[in-house]
Amino acid sequence: MSKIKVGVLGATGNVGQRFVQALADHPWFEISALAASDRSAGKKYRDAADWKLGTEIPEAAADIEVVPIDAKKVDADIVFSALPADLAQTIEPEFAKAGCIVASNAAAMRMEKDVPLVIPEVNPEHLGLIDIQRENRKWDGCIITNPNCSTIMMCVTLKPLMQFGINSINVATMQAISGAGYNGVYAMAIYDNVIPYIGGEEEKIERETLKILGTFNGSEIVNADIKVSAACNRVPVIDGHTETIWADLKSNPTPEEVRNAFLNFNPGLSDLPTEPKYPIIVRDEADRPQPRLDRDMGKGMSVSVGRIRDGIRYVAMGHNTVRGAAGASVLNAELLHKKGYLWKRSHPQTSGGLPGKFPGILRIFSGLLFIVFSSSFFISVSSFFFFRSSFFLFFHRLLFVPSFPCVPSLFVFPGSSALFSAAARSTFLFSAPVFNRY
Ligand SMILES: NC(=O)c1ccc[n+]([C@@H]2O[C@H](COP(=O)([O-])OP(=O)(O)OC[C@H]3O[C@@H](n4cnc5c(N)ncnc54)[C@H](OP(=O)(O)O)[C@@H]3O)[C@@H](O)[C@H]2O)c1
């Protein structure tokens, strides 16, 4: 299978670099475009990006020329957006209109009614909103978003607790400085300090959680009936958001039952390349999880939990630019692929207004045709051999001694040949749109 062409918008930034790192050796995706501001456009990526990660700048990206953020100049079927939110608000719809699948990290579109806000382990069924979005907006492409970094960590841990019924959640976050972008917080402001305010963050956690844990009823998301209250703090940690969570659960489970729910949590995705083996890792030590020790668990995609106590109270921790940003978007794109939602930008019409379901039906139909095709071929060949003697005898006996056994070959052989040709033709016709999809 050829790899899917992907681009990164905001590729030179903090999250953009994480995207490049995650996509460089991806088994399904290949980087075909890197876009950033006019400051970076025209330069090789290695010169434009002030590479800040602890790995070498990937070969697959280093020599790519950075292009401006323009749908006509970005040659990709999926674009991952790591743009500032204000820019994302206008740019992402332009890319969706131009036929791209936009997997966005930015907050701009998350709360739009027809835009899925997805964590694959939590609410994969919300992808159904894509059909509605494309119908509403008449876009050839679509936008799918992942939540705010703190919301992701918390919701991954809330999903297994939903079995106990959730009344309310209180959360206090201790968020890493990388969450504000490389130049987002001055060293003098954060060193030896805690800042008890992150603009807009508390509202995002409170809003987004209700949508993510809500129910998709086939046409919209009905928000979860839960009270969420958040208090956010910036702390002098480079990467890794830590959260202390108080969960008021309806059935009053014991800490042991909650621990087991975390341990047994199996989202059943099973074959997505970026999916961690354990979405939740339970730490039993009294002083874990800690960002420096636990943020890279599951290649940065696992959420670690610990200090599970009566109440229910616990601590959750995860890597904010991986699990909370680039890794989350890449996982979303992998889920789209698995669910049959990826199509080539050059052939958006092949998915019609019915992406997702229709290609699935097409695939089944073309599979059925293939069965008809191959079995008619089999019947054709075997009938020839089976009746071979009588087939030749037929002409012989037609002329000389007509007899009964040669009669079936008269019908079976030409009949199966006709079926063969009809099936071949329809397989070609009906599977053509499928080949324009990934
Ligand atoms: N950091 C996190 O933990 C985190 C977590 C979740 C979500 N997010 C979200 O992800 C997005 C990116 O965050 P970040 O931390 O990576 O920010 P960042 O380091 O400041 O990077 C911003 C990127 O956007 C580009 N850009 C900025 N202004 C532009 C303009 N006017 N026109 C075109 N391109 C422009 C920059 O290109 P140049 O280099 O050329 O200027 C750079 O590539 C934000 O929406 C943020 O809220 C971040």
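Reader: Which residue of β13 is the bridge partner of Ile281?
Author: In this predicted model, Ile281 has Ser304 of β13 as its bridge partner.

Reader: What makes β12 and β13 a pair?
Author: Two strands pair when at least two bridges are found between them. Strand β12 (residues 280–282) and β13 have 3 bridges, so they meet that cut-off. The sense of the pairing is parallel.

Reader: How do you know that β13 also pairs with β14, and in which sense?
Author: There are 4 bridges between β13 and β14, against the at least two that a pair needs, so this counts as a pair. The two strands run antiparallel. Within the pairing, Gly306 stands opposite Val315 of β14. The two strands form a hairpin with 3 residues between them, and Gly311 in the turn has a positive phi of about 140 degrees.

Reader: What makes strand β13 mostly covered?
Author: Of the 7 residues in strand β13 (residues 303–309), 5 are buried.

Reader: Why does His319 count as buried?
Author: The cut-off is 20 or more other C-beta atoms within 10 Å. His319 has 30 such neighbours, so it counts as buried. His319 sits in the loop between β14 (313–318) and α11.

Reader: With which residues is His319 in contact, leaving aside its neighbours within four places in sequence?
Author: Contact requires C-beta atoms within 7 Å. Beyond those sequence neighbours, His319 is in contact with Asp239, Gly240, Arg295, Asp296, Gly300 and Gly324.

Reader: Why are β3 and β6 said to stand at the edges?
Author: The sheet is open, has 6 strands in the order β3-β2-β1-β4-β5-β6, and shows parallel pairing. β3 (67–68) and β6 (142–145) each have a single partner strand, so one side of each is left without a neighbour in the sheet.

Reader: How many bridges join strand β1 to strand β4?
Author: Strand β1 (residues 4–9) and strand β4 (residues 78–81) run parallel and are joined by 4 bridges. Helix α11 lies across β4, β5 (101–104) and β6, at about 145 degrees to β5.

Reader: Which residues make up the covered face of strand β10, and which the uncovered one?
Author: In strand β10 (residues 227–234), Val228, Ala230, Cys232 and Arg234 form the covered face. Lys227, Ser229, Ala231 and Asn233 form the uncovered face. Strand β7 (residues 166–175) pairs with β10 in the parallel sense over 8 bridges, and Ser168 has Lys227 as its bridge partner there.

Reader: Which residues come nearest to the ligand?
Author: Among the 29 residues around the ligand, Gly10, Gly13, Ser37, Ser40 and Gly181 come nearest. The elements giving two or more residues to this shell are α1 (14–23), α4 (85–97) and α11 (322–338). α1 gives the most, with 3 residues. By class, the shell has 14 nonpolar, 14 polar and 1 charged residues.

Definitions and conventions
Residues are numbered from 1 along each chain as its sequence is written. This is a predicted model: local features need pLDDT of at least 70, side-chain atom pairs count only at pLDDT 80 or more; totals for chains, interfaces and linings use all residues. A residue is near a molecule or strand if its C-beta atom, placed from the backbone, lies within 6 Å of it. Ala, Val, Leu, Ile, Met, Phe, Trp, Tyr, Cys and Pro count as nonpolar, Asp, Glu, Lys and Arg as charged, and the others, Gly among them, as polar. A residue is buried if 20 or more other C-beta atoms lie within 10 Å of its own, exposed if 12 or fewer, and partly exposed in between; C-beta atoms are placed from the backbone. Two residues are in contact if their C-beta atoms, placed from the backbone, lie within 7 Å. Axes are lines fitted to C-alpha atoms, for helices over the stretch in contact, and angles run from 0 to 180 degrees between N-to-C directions.
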